[in-house]
Amino acid sequence: MKLAKILLSTFLLANSVSYAQITVSGSGERSTSTGEKITLQEAIDFALKNNLSIKQNSLQVEQGLNTLEQSKWARYPNLNGGTNLNVFTGRNINPFTNGIVTNTVGSNGFGLNAGVTLFDGYQTRNGIALNQLNLEASRLDLQAMKNQITLNIVVGYLNVLSQQDLLAVAQRQMEVTQTQLERTQKLVNAGSLPETNLFDIKAQLANDEVSVVNAENAIISAKLTLKQLMNAAADRDIEVVRVEVPNPSIQPYPTSSAQVYEIAQSFLADVQAADMRVKASQKSIDIAKGLKMPVISASAALNTNYTTVAENVNVTQRIVETEAGYVNVAGTRYPVFAFVPTSSTTTEKIKYFRQLTGNANNSIGLSLRVPIFNGYSTKFRLTAAQINQKQSEIQAENVRLRLRQDIDQAYVNLTNSAKRYSALGNQVKALEESFRAAESRFNVGSLNALDYSISKTNLDRARINQIQAKYDYIFRIKILDFYQNKPLSF
């Protein structure tokens with residue numbers, strides 16, 4: 001909102017420099033140009049499309065939207081999968097039998113894990129609300145920047161128009177002086193006027209020619225400023241479409257400063273952005289309070305594995321008849337036979353997918369984390385959030401205070417500008433009558449060239465001041481219109 005003062009100062013400074021260079025009278029034709037025609041709205045649209053600050057702030061809005069979407073997805077469960085492949089050599093534990101082995105062991109495992117936070121002290125919910133408010137504040141900042149650039153373009157456009165008006169006056173003045181020179185030359189040739197009058201008029205004509213050149217240069221500078229505000233190339237030849245700015249009628253502004261303030265604070269992006277940040281700071285406090293509450297989480301897992309040393313052992317048993325010895329009966333030896341059980345063992349590698357199926361295991365869990373002591377980090381974070389909220393509230397009050405002061409100042413400036421424009425109008429009328437009388441006296445030889453030049457200079461200065469006052473008054477009206485969200489067109 002201070003921008004209005006800066007823009008107005010720039011506008012008046014640019015005009016005051018050109019006014020100091022030009023001493024003109026009357027009104028005349030404006031110069032023509034073959035440059036690209038551009039309207040005020042086209043200049044505004046071009047600036048909003050190509051301004052680098054707007055592009056940067058637009059990316060900040062996109063970043064805020066990305067952060068908001070990310071925080072929304074934090075409410076949903078997470079799911080992760082993983083696998084591992086290992087080879088062990090030397091003395092190892094058989095993962096299948098838990099026995100000691102000395103051969104190479106290979107293993108391959110798979111896991112699927114899921115987790116969800118059931119309750120976290122409303123931190124996730126408040127975080128989403130915080131990011132939403134920050135996003136809205138970023139969008140409002142972007143809109144405020146667009147408003148500032150629009151106001152910039154209006155000032156630059158008005159500056160070009162005012163310089164064109166001054167050039168028209170300078171050209172007309174040179175024509176008047178040229179006509180006076182021709183008339184004076186005839187009177188000198190006829191012996192009605194001394195030759196010194198002719199020299200004074202020639203000097204005046206030379207000054208007028210310089211004034212025209214200065215006015216043309218001022219237009220070039222004003223167009224360059226406008227192109228820079230538009231972020232257009234300096235070598236781009238443009239010609240602003242003439243907006244006929246009628247002489248304003250001096251009437252009281254229809255809305256009071258208090259009414260303008262009430263309207264401004266209800267829509268102005270700067271105020272709304274400040275209010276959004278106050279709300280965001282409250283959400284930061286809620287998030288900090290949530291750190292004191294327990295966190296309840298649930299989890300689930302599915303795992304399986306494979307190992308190269310997993311084997312199935314097959315044992316085969318049978319009864320074998322064998323000679324167990326002899327027995328002597330009456331001197332005769334008889335063999336003794338026994339039936340002895342025997343067994344044989346064979347091993348078979350367990351296949352890969354059979355192991356994965358057979359080794360699968362599931363788990364489900366519920367966890368509770370209760371904050372007891374964490375170095376007072378929660379306390380300090382809560383204090384910092386509360387301080388930030390107070391700062392946001394003071395900043396919002398300061399924005400409104402500056403807005404009220406700027407509107408009051410703009411209202412006073414408008415009233416003063418109206419008085420000045422009205423007084424200058426009366427001055428121009430009086431000096432025009434005075435100059436007509438001086439010109440008549442000069443033409444008949446009853447007034448010397450110096451007094452004629454003084455009368456003419458006074459009228460020129462008054463007309464220049466009147467042009468300045470006209471655009472000053474119009475711009476101050478546009479400032480109050482801007483605070484009420486009215487179109488800045490003419």
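Modeller: Glu69 and Lys72 are three residues apart in helix α3 (residues 52-73), so about one helical turn separates them. Helices here are DSSP runs of H or I with at least four residues, strands are runs of E with at least two, and both are numbered from the N terminus. The model is a predicted one, in which local features need pLDDT of at least 70 and side-chain atom pairs count only at pLDDT 80 or more, while totals for chains, interfaces and linings use all residues. Residues are numbered from 1 along each chain as its sequence is written, and side-chain values use heavy atoms, with hydrogens and water left out.

Glu69 and Lys72 form a salt bridge whose closest N and O atoms are 4.0 Å apart; the term requires a side-chain nitrogen of Lys or Arg within 4 Å of a carboxyl oxygen of Asp or Glu. Side chains of opposite charge can pair when their charged atoms come close. Glu69 is partly exposed at a relative accessible area of 35%, and Lys72 is partly exposed at 27%. In these terms, buried means under 20% relative accessible area, exposed means over 50%, and partly exposed lies in between (1.4 Å probe, protein chains only).

Arg400 pairs with Asp275, the closest N and O atoms being 2.8 Å apart. Arg400 belongs to helix α9 and Asp275 to helix α7 (residues 269-290), so the contact ties together parts that are 125 residues apart in sequence. Arg400 is partly exposed at 22%, as is Asp275 at 25%.

The 36 residues of α5 should span 52 Å at 1.5 Å a residue, and the end C-alpha atoms are 53 Å apart, which agrees; the expected span is 1.5 Å times one less than the number of residues. Just after α5, Asn231 takes a positive phi of about 60 degrees. Positive phi values also occur at Tyr122, about 65 degrees although the residue is not a glycine, and at Asn485, likewise about 65 degrees and not a glycine. Tyr122 is found in the loop between β5 (105-119) and α4 (123-189) and is partly exposed at 41%. Asn485 lies in the segment after α10 (449-483) and is exposed at 55%.

Charged groups also meet aromatic rings. The charged end of Arg404 sits over the ring of Tyr261, 5.1 Å from its centre, and Lys379 lies over the face of Tyr376, 5.6 Å from the ring centre. The criterion is NZ of Lys or CZ of Arg within 6 Å of the ring centre and within 35 degrees of the ring normal. Tyr376 is in the loop between β10 (361-369) and α9 (377-443) and is partly exposed at 49%.

Between rings, the search of the whole structure finds nine aromatic pairs. The ring centres of Tyr352 and Phe353 are 5.1 Å apart and their planes stand at 90 degrees, so this pair is edge-to-face. Phe482 and Tyr483 form a tilted pair, 5.7 Å centre to centre with 55 degrees between the planes. Rings of Phe, Tyr and Trp (its six-membered ring) pair if their centres lie within 6.5 Å; planes under 30 degrees apart count as stacked, over 60 as edge-to-face and the rest as tilted. Tyr352 is partly exposed at 27%, while Phe353 is exposed at 62%. Phe482 is buried at 15%, and Tyr483 is buried at 2%. Tyr306, Tyr352 and Phe353 form one aromatic cluster.
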